[in-house]
Structure formats: C-alpha cells, structure tokens
Amino acid sequence: MYCYYGSTWFTYFVIFLVLKTKTLLLFLIILPCMGFSQNLVKNPSFEEYKYCPLDLDFDNNVKDWHSLASVYYYNSCGPSYSSGVPKNRWGNQSAHSGNAYSAVLVYYYDYSEDGRGYIEGEFSEPLKKDSLYCVSYYVNLIDMADGAIKNVDAFISDTLVHYPPIIYGNKYLLELPAQIRSQQIIDDSINWTRISGLYKAHGGEKYITIGNFTSRENTIKIHFNFHELNLPYFIDDVSVSGAGLTSPDLGNDTVICRSALPFRLSAPPGYDSYQWSNGAITSETNAYNQGKYWVKCIVKGCGEQYAEKTISFDTPVLELGKDTIICEGETISLTSQAGFTKYWWSNGDTTQNITVSKKGVYSLQTLDHCGLHTDNIRVSVDTIPTGIINLGNDTTLCLNSTDTPVVLTANTPLPNYIWNTGETTRQITVNERGYYKLQSNFRCGAISDSIFVEECPPLIFFPNAFTPDNNGTNDVFRAVVVNTRVDLMIIYNRWGQKIYESTDPLPEWNGTFNNEDSPQGLYAYLVYYSDAKSGYKQKQKRGTVMLLR
C-alpha cells in the first residue's frame, strides 16, 4: 500500500482532525497508511515560496530547492500569461496537489545543443544505510509539446550535483546513473503520470535530482512534429519515504553437498508479492538443484527489489549417462566423473572408468566427504538380423508370351527400404529384365536380398496369308515379335521384283505396289532381325505369304 504525506496541507489537515475528533478518528485515518514513513523531501510539492513567481524564476522563489539551467516555477498566485496555475505560458494544467509545480527542460536539441535542466531537492534527514525508500514524483507533458520522451529520471546523492567544470559547446548534460527510471514514454498532457521505484540507501544521501541524464542519441523519444524537440515537463509531489522493509539479500553464492537439498531460500517478509525464478510466489522457496536463483520483491505502487544467488554442488554429480546400445563384438567405456575418493562398480572394478562388452545393468557407487552416491546404466547388445528379407525365387515378366510388369515386395516390414533402382518403398513395380536388390540398414549393419527377373524369350513369327480387304481383320502382312526388333523387311513378287521395303521396327505391308493393289498370289519375304539376348546380332528369315482377295 502506498500513502503520500508530502504536502504541508496534508500535515495541517491531520492536525485539524486531531483537534476536532481526538485520538480514535486519527487512528482510523493513519492506520491504512502505515506502509511508508513520512516524506523526507522538503517542500515536496513546491507550495512554500519566498516570492510569488512573476518571472518564472525557480531558485529565487522556491524554498529548499535548487536548479541547474532551464527550470521554471509556477504557482496560482502568478500571472496566467506566464507563471500561473492552472493557466500559464505552456497551457492549462492544474497542480497534482496544492497550487504549485515546477517545469524542467528535459530535452533540447537544435543541431548544436544538447541542453538539460535539473531540479535538486533536499531531505529533512540523511538516508540510513541499507534502508529501503519509496521514491516517487509526478510528471505531466506540457500542452504545446513537440514530442515526448521516456527518460525523466531521478538521481539520489550525498551532495548537490553540478555541471562539469568545462562545458563542451552547449552540451549542458549530467550523465549520471539514475536509480529511479521511468518505465514508459510520458506522453500524457492531461493527467499526471507517477514515476516510482524502490531505492536501497548506502547511507548519508541528502539530495534528489530529477531530469534527463541520457544523451540525445540514447534518449527514447517520439515526435509529434517534424522539427527537433524543445521539451519541458511539469514536476509535482516529489516523495522519498521509508518503506519499512528490508532489502532482499539471498547471501553470497554457495557450494553445498547434494545431501543438503532442498536448500531454503528466503526473502524478507512484508512485500506485496514475490516472483522467484523457479515460479514460486511466496517469500520463501526451496532449491532442488544447482543453478542461479533470483527473486523479485514487489511493492505495489512503488517498485521492486531484485536479488540472486548461485548454488553449486561441492562435489561432482555422479551421472553415468543414458542407457546405451552397442553392437555385438563391440566394447564401450563407462565413464564416471573425477573427484570422488572411492569407486565401486557392480562388476567388482574400483577404477573411475570400466570397459564392457556384455549386456546388463552396471551400477556404480562413489564416496566423497558429502557421502555415498549411486547411479546405474543399462547396456544392451544389438545384433544384425539374418534371413528376414526374402524377395522369393527368380521370376519372369513373361505371361502368355507377353512381358507383363511384376511387383516385388519385401516379405516383412523393415526400418528402411533401399532398392538398387533408387526407390525407398516396401514394394516396387518392374517391367524390365534385370537384377533387383533390396537392402535395409540397421544400427549394427545391413541385410539384403536379391532377385533376377527374366523377360520372355525372343520370338519372331510370320503368318502365311493375309487379306487386305479393309474389314479390320488380317488386313496387313506383319511379323509377330516378342523381345525382338525387325531391322529390315523386303517383299518380292513372283518375278523377283522388289515391291516393298521398310526399316521400321514393326513394318506392315498392305498388299500394294506403287499405290495400286497387287494381284492375288504368292509373295516372298526377306526379314533381318535382332534381339537383346543375343546382343543384337543380326539374323535373317525367308519365307512366302499368300495374298488373298
């Protein structure tokens, strides 16, 4: 819970309630707001002033605050055309509380300048070493802004900060490691945006500085217009109050024996919520293994604190690895981690590593100052299957004197299929004479089988008559062939005159000569042919055929 006590008017209001309602009502008001202590920032909302700001002058008008460069003061007592509240030179904006606020030029760039303004507030007492403080302030973008930035941050210090003694060109910039940083681009010019964070004091800090501590190259910004930014922000209600909490500290990285697990990790109580790296959301959690553990302790409405710790085992983790498989006839080395004082293997060996060739479960027990450790590993022996692939006996493509495709199939399911044809399926279809091999690869080798597929024997046959009457049956004279190629066919009439010649692979004579029907009668033929089985050695065949009309 966050409660704000920063403004003087709030203090007066509480005193008024005490006088009017005595103790009981005061207790009811204060009880819900006991999360944080009193605001340590003097004049946190700029209400107390020396002079009404007629000229925007900050240093000469505001009590307990200092400024660097472009800082301005606004109060409802000032003129509305320049330094009033809510109306002033930058627009119309009411204070977050009370009647006053400041304005800080957080970004200025015109190709040669990198200007920044800063306000510095004082604490009523130094911060205490290792104490946690909730730091917050409210920011509002001026109405006439050319853009917006993210980096309106706060730096807490022991002493007042100053510009470097040498200013290069017009670079008025304090590049300091701000401890409180905005988490978003502040582009709201109507509502006030609260920026907050938890700060752990190193002790003795007395000042807070608010502004932009980032160079123009690294400032996160957006543009509303096309020209460069000249960007003031209003600032109000600055608070630094004790959180009443202990900063999380998981301690130094530690080395433990595994027998000490689970290892308890504790964050301080009292935070609104917790986030651990292992998913826990309570103030304490258990670590069950070595590694880096972290926790975020969150104060709702303020910020979070982070702590981490690395846990390591004092001695090696005994781990023989995953179960494994070796091939028959092979050996494998089972290896333990070094660093143990004793080793006892289940086979009787007492060395760090052993070599085995037989199947079985091998266990190891080791000893060190943390105690006994045990692990085991299963070794299996794999063999190459034999005789499980059978493609059958050699076969033929020939069916009814015609080559017909044959399907070759592995007789059993296999882990993979590798045919010498390049195919990888369980079955293939072949339509050519040849030698076919199927192989399947196993972890420890490969098995295979083969089959030879023969085609129909070469055959050539000629009819002894044909009738070229165009009735669709036996209209031409041609050879009947199986796995045979006709290289040349010549037809002669009874006087020995050549009347037909063709080198087509399957020539056909339709019974004509010079485009006229040849007379019925006996004709002679001479055919040259060859086949693959004989290596295409040419042969010849002679005979006669009767042309019928």
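**Reading a predicted model, feature by feature**

Guide: Asp64 is found in the loop between helix 1 and strand 1, where helices (H or I, at least four residues) and strands (E, at least two) are DSSP runs numbered from the N terminus. This is a predicted model, in which local features need pLDDT of at least 70 and side-chain atom pairs count only at pLDDT 80 or more, while totals for chains, interfaces and linings use all residues. Residues are numbered from 1 along each chain as its sequence is written, and side-chain values use heavy atoms, with hydrogens and water left out.

Visitor: Is phi of Asp64 positive or negative?

Guide: Most residues other than glycine have a negative phi. Asp64, although it is not a glycine, has a positive phi of about 65 degrees. With 29% relative accessibility, Asp64 counts as partly exposed, a class that lies between buried (under 20% relative accessible area) and exposed (over 50%), judged with a 1.4 Å probe and protein chains only. Asp130 also has a positive phi, near 65 degrees, in a residue other than glycine. Asp130 is placed in the loop between strand 6 (118-122) and strand 7 (131-141), and at 41% relative accessibility Asp130 counts as partly exposed.

Visitor: What kind of peptide bond, cis or trans, joins Val85 and Pro86?

Guide: Most peptide bonds are trans. Val85 and Pro86, however, are joined by a cis peptide bond with omega of about 10 degrees, and Pro86 lies in the loop between strand 2 (71-75) and strand 3 (87-88). Another cis peptide bond, with omega of about 0 degrees, joins Leu261 and Pro262; Pro262 belongs to the loop between strand 14 (254-256) and strand 15 (263-266).

Visitor: How many salt bridges does the count come to?

Guide: A salt bridge is a side-chain nitrogen of Lys or Arg within 4 Å of a carboxyl oxygen of Asp or Glu, and by this rule the count comes to 11. One of these is formed by Arg181 with Asp153, whose closest N and O atoms are 3.7 Å apart. Arg181 lies in the loop between strand 9 (153-157) and strand 10, and Asp153 in strand 9, so the pair ties together parts that are 28 residues apart in sequence. Asp153 counts as buried, at 2% relative accessibility, whereas Arg181 is partly exposed at 39%.

Visitor: Which residue forms a salt bridge with Arg478?

Guide: Arg478 pairs with Glu508, and the closest N and O atoms are 2.4 Å apart. This pair links distant parts of the chain, with Glu508 in strand 40 (residues 508-509) and Arg478 in strand 36 (residues 477-478), 30 residues apart. Both partners are partly exposed, Glu508 at 39% relative accessibility and Arg478 with a relative accessible area of 43%. The side chains of Arg216 and Glu217 also meet in a salt bridge, at 3.7 Å from N to O; here Arg216 is partly exposed at 23%, while Glu217 counts as exposed at 58%.

Visitor: How much space lies in the second largest pocket?

Guide: Rolling a probe the size of a water molecule over the atoms shows where empty space is left. A pocket is an open set of points on a 1 Å grid over the protein atoms alone, where a 1.4 Å probe fits, with protein on both sides within 12 Å along at least five of seven lines, and its lining residues have an atom within 4 Å of a point. The second largest pocket holds about 280 Å³, a volume being the space filled by probe spheres set on the points, which are joined across faces, edges and corners. It is lined by 15 residues, and the closest to its centre are Arg181, Gln183, Ser196, Gly197 and Cys302.

Visitor: Which strand gives the most to the lining of the second largest pocket?

Guide: Strand 10 gives the most, with 6 residues. Strand 10 (193-200) and strand 19 (303-313) each supply at least two residues of this lining. The lining divides into 4 nonpolar, 8 polar and 3 charged residues, where Ala, Val, Leu, Ile, Met, Phe, Trp, Tyr, Cys and Pro count as nonpolar, Asp, Glu, Lys and Arg as charged, and the others, Gly among them, as polar.

Visitor: Where is Cys52 found?

Guide: Cys52 is found in the loop between helix 1 (8-30) and strand 1 (65-68), and with a relative accessible area of 23% Cys52 is partly exposed. The C-alpha atoms of Cys52 and Leu397 are separated by 113 Å, and these residues are 345 residues apart along the chain.
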